[in-house]
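Visitor: I have a structure to look through and would like to learn how to read its features. Could you take me through it step by step?

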Amino acid sequence: MPDPLFIRGARWAAPVLLLAGLCACSLTPPPAQVATAVPARWHLDDATPPSPAAPGQPAAAPVASLHDAWQQLNDPVLLQLIAQALAVSPDVASARTRVSEARAGLIAAGAARLPTLDGQLSATRSNAGTTTAQGGTVPATVLQAGLQSQWEIDLFGGRGAAHEAASRRAEAALAQQAAAHVALAAEVANAYFNERACSQQWDVARADAESRAHSAQLTALSAQAGFTAPADAALARAAAADAAARTRDTQTQCAVARKALVALTASDEAALAQQLQDVRLREAWPVMAAVPSVPAPLLLQRPDVFAAEQAVAAASADVGEAQAQRYPRLTLTGSIGRMQTRALGVHASADTWSLGPLALSVPLFDGGVRRANVATSQARYDEAVVGLRATVRDAVREVEVALTQLAASQARKTQLQTAVADYQRYLRATQARHDNGLASQFELEDARRTWLAARLSLVGVQRDEALAWVSLYRALGGGWQRDGQALADAASATPASPASPTTASP
């Protein structure tokens, strides 16, 4: 006769072997990381070589110094405006709620991998089922307390894949929040530099209008005396009126630029106007370091590229989860409890427990629903891969364009600075000749207008340089880091300046 111990072991051998065989099966989701084409090094176009550093302009700085971009500009008003905008931006607030949503999804996905445990309490009062020796019934109270547990064993990694997808989406949400911070800071900086350039252009335009108005008055007097043709007087009046109209147009543009800053920062317009007036007293623009090229690995520091990478990884995990749904599911349940019956002053108690059933659910027919879910997940994965590669291409383009624009504006600025200095020398010389009776008033005003026009062009190129520098700051990710600490800080940070970038690992 077989040993009873051997019989009991044989009873458990079949399910154990079945479980081992099921666990030996493996799923093959698509790769979580895909290759993207990135140039070995970003550089300027050969047709636009970097110009030599102008006097007072620092030489080409390492790109790592871009991490403290706003401090380099040494402009506390800009720092304050960026901080105000981050505090009130609806885009940043929306990104913050998406982070909270993704974190909640991660907690739920992690909890799905663990056993569930529910507690139960019940009390029943009835006369059913309790009889006396005489055949009658008496009321009885039944009290029950217990714990019920259920656990789905993750045979094929479906629950693990769901948790991985949720984790990737949480990291992507944090990166997208950092991208919102960078984008808003760049938008505020652009509006600030536009308003600042407009204010300086307005000052130059007013000086030009005053010069042309004075020339028109002199021409009118000369025409009345018969020394100048009436047509020349009409031309001078037209030039003065045109300059006055341009001055008015510039003033309107400055008001519009200021209102853009008010909307971004939710500032009081009067207080903001006073801040900007204080800045106008400092006509010197911040010095922008030349950046002739940057190493390609800095592309990894862009939060949008990182978020696109996480989207691919999450989509890959979704495919694995969908594949796991096509295979059997193993569920184990168990419970423990205590029951007490009270009748006729007698208390009777009993402890109960159960382990099982160990239930195996095998999908047989669903009309192709599970297969369609896998196909849908695969299509979403393909879409995420396409999105990642498009994001990388856009990132490369933005960096190349920003580098080209920055180099071109810095080259133009050097040339215009020379022009302004030389025109100013010519104006001083003409003023000296005029004071000595060797030059006419018309020659003096013409020299002044030429100098003012050069100044106007210089202000414009200084604005273009600042905007190109901000574009490069944004194109390089604003100093965002992809390490875990940076992801953790992104949820609560409202930085007035970005963090220091580090070399990212693949």
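Visitor: Which side chains meet in a salt bridge with 2.7 Å from N to O?

Guide: In this predicted model, a salt bridge is called when a side-chain nitrogen of Lys or Arg lies within 4 Å of a carboxyl oxygen of Asp or Glu. The side chains of Glu152 and Arg329 meet in this way, at 2.7 Å from N to O. The two partners come from distant parts of the chain: Glu152 is in strand E3 (residues 140–153) and Arg329 in strand E5 (residues 329–343), 177 residues apart.

Visitor: Is Glu152 buried or exposed? And how does Arg329 count?

Guide: Under 20% relative accessible area a residue is called buried, and over 50% exposed. Glu152 has 18% relative accessibility, so Glu152 counts as buried. Arg329, at 36%, counts as partly exposed.

Visitor: Which residue forms a salt bridge with Arg302?

Guide: That is Glu398, and the closest N and O atoms of the pair are 3.0 Å apart. Glu398 lies in helix H9 (residues 369–435), while Arg302 sits in the loop between strand E4 (293–295) and H8, so this bridge ties together parts that are 96 residues apart in sequence.

Visitor: What about Glu465 and Lys413, how do their side chains meet?

Guide: They meet in a salt bridge, with 3.0 Å from N to O. Glu465 belongs to helix H10 (residues 441–475) and Lys413 to helix H9, so the pair ties together parts 52 residues apart in sequence. Glu465 counts as buried at 2% relative accessibility, and Lys413 is buried as well, with a relative accessible area of 7%.

Visitor: How many salt bridges does the structure hold, and which residues are linked in a network of them?

Guide: The structure holds 20 salt bridges. Asp208, Arg212, Asp242 and Arg246 are linked in a network.

Visitor: Now to the helices. What describes two packed helices?

Guide: The angle between their axes and the distance between the axes. Take H5 (residues 158–224) and H8 (residues 303–324): their axes come within 8 Å and cross at roughly 165°. That makes H5 roughly antiparallel to H8, a term used for angles over 145 degrees. H5 passes H8 in a left-handed crossing. Sorted by class, their contact has 14 nonpolar, four polar and six charged residues.

Visitor: At what angle do H8 and H9 pack?

Guide: The angle is about 170°, and the axes are 8 Å apart. H8 and H9 are therefore roughly antiparallel to each other. Here, too, the crossing is left-handed as H8 passes H9.

Visitor: What span should the residues of helix H6 have, at 1.5 Å a residue?

Guide: The 36 residues of H6 (residues 230–265) should span 52 Å, and the end C-alpha atoms are 53 Å apart, which agrees.

Visitor: Which residues of H6 are buried, and what follows H6?

Guide: The buried residues of H6 include Ala233, Ala236, Ala240, Ala243, Thr247 and Thr250. Further along, Cys254, Ala257, Leu261, Val262, Leu264 and Thr265 are among them. H6 is followed by Ala266, and the phi to look for there is positive, near 55°.

Technical notes
Residues numbered from 1 in each chain as written. Predicted model: local features only at pLDDT ≥ 70, side-chain atom pairs only at ≥ 80, totals over all residues. Heavy atoms only, no water. Axes fitted to C-alpha atoms, helices over the stretch in contact; angles between N-to-C directions. Helix = DSSP H or I, 4+ residues; strand = E, 2+ residues; numbered from the N terminus. Parallel < 35°, antiparallel > 145°, perpendicular 65-115°, else oblique. Left-handed = near helix turned anticlockwise from the far one by under 90°. Nonpolar A, V, L, I, M, F, W, Y, C, P; charged D, E, K, R; others polar. Expected span 1.5 Å × (residues − 1). Buried < 20%, exposed > 50% of the residue type's maximum accessible area, 1.4 Å probe, protein only.
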